[in-house]
Amino acid sequence: MAHIPQQRDRRSVPFVLVVVGTDVHRFDRLVGWLERWHAARPGVRLVLQYGHSRPPALPEATPFLGHDELQRAMAEATLVVSHGGPATITEARRTGHLPIVVPRDPTHDEHVDNHQQLFSRRLGAAGMVRLCESEAELLAALDEGLAEPARFALTADPGRPDPRAEAVARVGAVIDDLVARRGRQRAGGRRG
């Protein structure tokens, strides 16, 4: 697990967190965009979780972050950039960020299909993410977010239960209900 150094003064040093997830496909296109953007903005702290992509030429790049490290980094970040993964997008929103989302593109061998694009476009149309499908869109969103961070801030809800736990509980309730119905049907069938 990588160690993410604590930011010295969050008010004076903008902090951009980028998360590409754990998919086995590389996301080198996004890595290149960020390297070029950051080269012109050395005063911005950029932490890039790059997964299976090529290791970037950035001082705070790490292949993977543990869940606790990711949560801390999201809580401290000025802006969060995410691939089109639902769990990462949900976590960013839960920690008070309107995530800047760059979906993986299967035409660049970044994923097996276009589900991230379809999902991200739907969220973008609903105003739930800032969708960026080109380098120009990403650079514009990053610069806008650093100039006006409040435009990319949501009301954080850290007390809200983890959405994965909520989903597991809902599935469990459905299964319990089905098992109970099946038991009632079997018990009723033996009597008659």
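The buried residues of helix 5 are Leu138, Ala141, Leu142, Glu144 and Gly145. Why do they lie on the same side of helix 5? The reason is their arc: because they cover only 165° around the axis, they fall on the same side of helix 5.

Helix 5 runs over residues 135–147 and has 13 residues. From its first C-alpha to its last, helix 5 reaches 18 Å. That is close to the 18 Å expected at 1.5 Å a residue.

## What helix 5 packs against

The buried residues of helix 5 have several partners. One helix is among them: helix 1 (28–39). The strands they pack against are strand 1 (15–19), strand 4 (79–82), strand 5 (100–101) and strand 6 (130–131).

## The largest pocket

The largest pocket holds about 230 Å³ of space. Its lining is made up of 14 residues. Which of them lie nearest the centre of the pocket? They are Val19, Thr22, Leu65, Leu70 and Thr88. Helix 2 (67–76) and helix 3 (86–94) are the elements that give two or more residues to this lining.

## Confidence

Mean pLDDT for the protein chain is 86. Of its residues, 78% reach 70 or more. Residues 3–10 have pLDDT below 50. Where pLDDT is low, predicted coordinates should not be read in detail.

Conventions
Residues are numbered from 1 along each chain as its sequence is written. This is a predicted model: local features need pLDDT of at least 70, side-chain atom pairs count only at pLDDT 80 or more; totals for chains, interfaces and linings use all residues. Side-chain values use heavy atoms; hydrogens and water are left out. Helices (H or I, at least four residues) and strands (E, at least two) are DSSP runs, numbered from the N terminus. The expected span of a helix is 1.5 Å times one less than its number of residues. Buried means under 20% relative accessible area, exposed over 50%, partly exposed in between (1.4 Å probe, protein chains only). The arc is that of the directions from the helix axis to the C-beta atoms. Contact means heavy atoms within 4.5 Å. pLDDT is the predictor's confidence in each residue, from 0 to 100. On a 1 Å grid over the protein atoms alone, a cavity is a set of points where a 1.4 Å probe fits but cannot get out, and a pocket is an open set with protein on both sides within 12 Å along at least five of seven lines; lining residues have an atom within 4 Å of a point. Grid points are joined across faces, edges and corners, and a volume is the space filled by probe spheres set on the points.
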